[in-house]
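Me: I have not worked with this structure before. Could you take me through some of its charged residues?

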Protein chains: 2
Amino acid sequence: MIGVFILNELLWLTLGAAAVLLTEILGWLYWRYLGKGSFKSFINKNQKPEGPFKIIHKSQTPTQKIALVDVEGEMWIYSNGEVMFSTTKEEDEYAEVIVHIPMAAAKSVKNVLIIGGGGGITTREALRYEEVESITSVDIDDIMLHYGKNLDRLVEFNKGSLSHRKVRTVIADGRSYVENSLETWDVIIVDLPEPTSKCPSLSRLFTLQFYNQLRDHLNPGGAISIGCSTSNWMPEYMWSIETTLKEAGFFTIPFHHFSVNTGVDWGYILATTLPVEAGDIELKIASDFLTEERLQDILHLPYYLMNWEDEGKVQTDENKVLLEIVKEAYGY
Amino acid sequence: MIGVFILNELLWLTLGAAAVLLTEILGWLYWRYLGKGSFKSFINKNQKPEGPFKIIHKSQTPTQKIALVDVEGEMWIYSNGEVMFSTTKEEDEYAEVIVHIPMAAAKSVKNVLIIGGGGGITTREALRYEEVESITSVDIDDIMLHYGKNLDRLVEFNKGSLSHRKVRTVIADGRSYVENSLETWDVIIVDLPEPTSKCPSLSRLFTLQFYNQLRDHLNPGGAISIGCSTSNWMPEYMWSIETTLKEAGFFTIPFHHFSVNTGVDWGYILATTLPVEAGDIELKIASDFLTEERLQDILHLPYYLMNWEDEGKVQTDENKVLLEIVKEAYGY
């Protein structure tokens, strides 16, 4: 028994070194997986909030890592490291612009289809029209719809829109849903993230083939709006969507909205089957942000954007134009 | 002698622990002061380039920590952690806008004063006018003028403007220089950083008293342009400069320039002693960036900016309005 305790100096030296290293490793593991560093696999470095933040909830689905994060009283929802949704003023502004402009351009606004409506905020805006009879809100993402319907902070933000009697929520791929539907709509809002190499299948929702299907499901005098991402960093992205819509037989009006806080100039396209003049668009309801004065800015394209007008390319199921543009601009 | 080497187990244990800690501390010191971490006291965290970068030169003056940084072929110059100057397209655009608009509005462009001209790029733009006879480029910062004159990469960028025979460089506080000068100028360009708590003395170059002095040193029919920082984040900053200029008896035309890559909407004020209509401003020379089409965007204020028109306050030597605005927006 005594022999066991006769350790030579080298062994004690190693033991001392090992004790320090072990303590450090345990400390790091705690920091990384339970403590302050544990956000790192849920929040991409460049998407980290600038101020203090607190992760409220983390969950992992077969395809997604979701994190709910409190950022100084706002709620940000991360999907695979990127901000997917947030209860911020910017999100409000974006929703007002993408909803109220096609609503203004459409002859009737009875039936509305929203593709990518998981957060419920575009649905909230569309519900403000008394004439609206039904809204179909499609999202491929069951977890986002689940949060939009059940998470207190989100329900408060979207005013419970996803549980409104006029609203039907559908968990489906937007393209398959439209393809297999016999319905037609007055207004269609396509509010989707950019196709990236992480999610190239999104490309199918930006193609000539899909836009042809949308046309078939649009009532006469109806209007479509399509979110076109960050037009200041990728003007070709917006113009390629515009060119593709034209190829599908639509009349188009590009518009944009400069987000003062984030410095992003968001692009959008309004598409109609009957001609519409930008000057004839009149808002049907008043909003805090989207006033008649702001509408003039929104419908007026700055020169840096106009300058790219001829650079758009047609995206088809075979030719993933947008994926290349995003890759060039963002590197993924 | 032998007794010295009889160390007990505890001592060896401590020695092992100490060896690990010492190695780590030395490693950290190397990383922090010689290796990759050594930039940390020269580059603020939020000003770190996104891609790879290499520090070419670091120097410390009594008041400044200067770092010259290569960012993928561009040269960025940091002063106390903030980017002071860079050989980028954005800097070119900014210089074109702040120079060519007062040059267009002024009746004559023979004598030009540039306050804050250390980098030499505004001087480069002003030298493009054949009619220009003299340019006085004042900078409080001898090191910036030194770099602007001697650093190959900068001299290449500013085309040696600071050593041009028509150019006189002066190391002085802009306000004292104007106060003590008997000269008058046709065009005055004030291109200064915002006053912050780190450098509150800059406030003196944005006051009613200073603008009165500028008016006294402006030839009849002359024009002044003043850089007004990030108008999207601090619209009150721009309008306070505008209000102060009006109080000093100037006619004013605010203008702005959206930097597509950085998402910043830069604000400027054009000030004249005779009335000028925005619609009457015609560029005297053509530039790559500043075309007639872009000029229309630049002279047209978006609604979000117009909306703040009445929020400007007069800055005086006694009342440091801008310092408060910057503090509110940036926190320092």
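This is a predicted model: local features need pLDDT of at least 70, side-chain atom pairs count only at pLDDT 80 or more; totals for chains, interfaces and linings use all residues.

Me: Is B:Asp297 buried or exposed?

Reply: B:Asp297 is buried, yet it has no salt bridge. The nearest side chain of opposite charge is that of B:Arg294, 6.2 Å away.

Me: What is B:Asp297 in contact with, leaving aside its neighbours within four places in sequence?

Reply: With those neighbours left aside, B:Asp297 is in contact with A:His300, A:Pro302, A:Tyr303, A:Tyr304 and B:His256.

Me: Now to salt bridges. How many does the structure hold over all chains?

Reply: The structure holds 20 salt bridges over all chains. One of them joins B:Arg175 and B:Asp317, at 2.8 Å from N to O. This pair links distant parts of the chain, 142 residues apart: B:Arg175 is in helix α7 (residues 174-179) of chain B, and B:Asp317 is in the loop between α11 (303-306) and α12 (321-330) of chain B.

Me: Why does B:Arg175 count as buried?

Reply: B:Arg175 counts as buried because its relative accessible area is 6%, and buried means under 20%. B:Asp317, at 28%, is partly exposed.

Me: And chain A? Which residues are linked in a network of salt bridges there?

Reply: The network links A:Asp92, A:Arg124, A:Glu125 and A:Arg128. Within this group, A:Arg124 forms a salt bridge with A:Glu125, and their closest N and O atoms are 2.9 Å apart. A:Arg124 is buried at 12% relative accessibility, and A:Glu125 is buried at 4%.

Me: Which residues form the negative surface patch?

Reply: That patch is formed by A:Glu277, A:Asp280, A:Glu282, A:Glu292 and A:Glu293. Among them, A:Glu292 is partly exposed, with a relative accessible area of 37%.

Note on methods:
Residues are numbered from 1 along each chain as its sequence is written. Chains are lettered from A and ligands numbered from 1 in the order in which they are written. Side-chain values use heavy atoms; hydrogens and water are left out. Patches are made of residues with over 30% relative accessible area and no salt bridge: like charges are joined within 9 Å, nonpolar side chains (Val, Leu, Ile, Met, Phe, Trp, Tyr) within 5 Å. Accessible areas come from the Shrake-Rupley method with a 1.4 Å probe; for residues, only the protein chains shown count as cover. A salt bridge is a side-chain nitrogen of Lys or Arg within 4 Å of a carboxyl oxygen of Asp or Glu. Lys and Arg count as positive and Asp and Glu as negative; His and the chain ends are not counted. The place of a charge is taken as NZ of Lys, CZ of Arg, CG of Asp or CD of Glu. Buried means under 20% relative accessible area, exposed over 50%, partly exposed in between (1.4 Å probe, protein chains only). Contact means heavy atoms within 4.5 Å. Helices (H or I, at least four residues) and strands (E, at least two) are DSSP runs, numbered from the N terminus.
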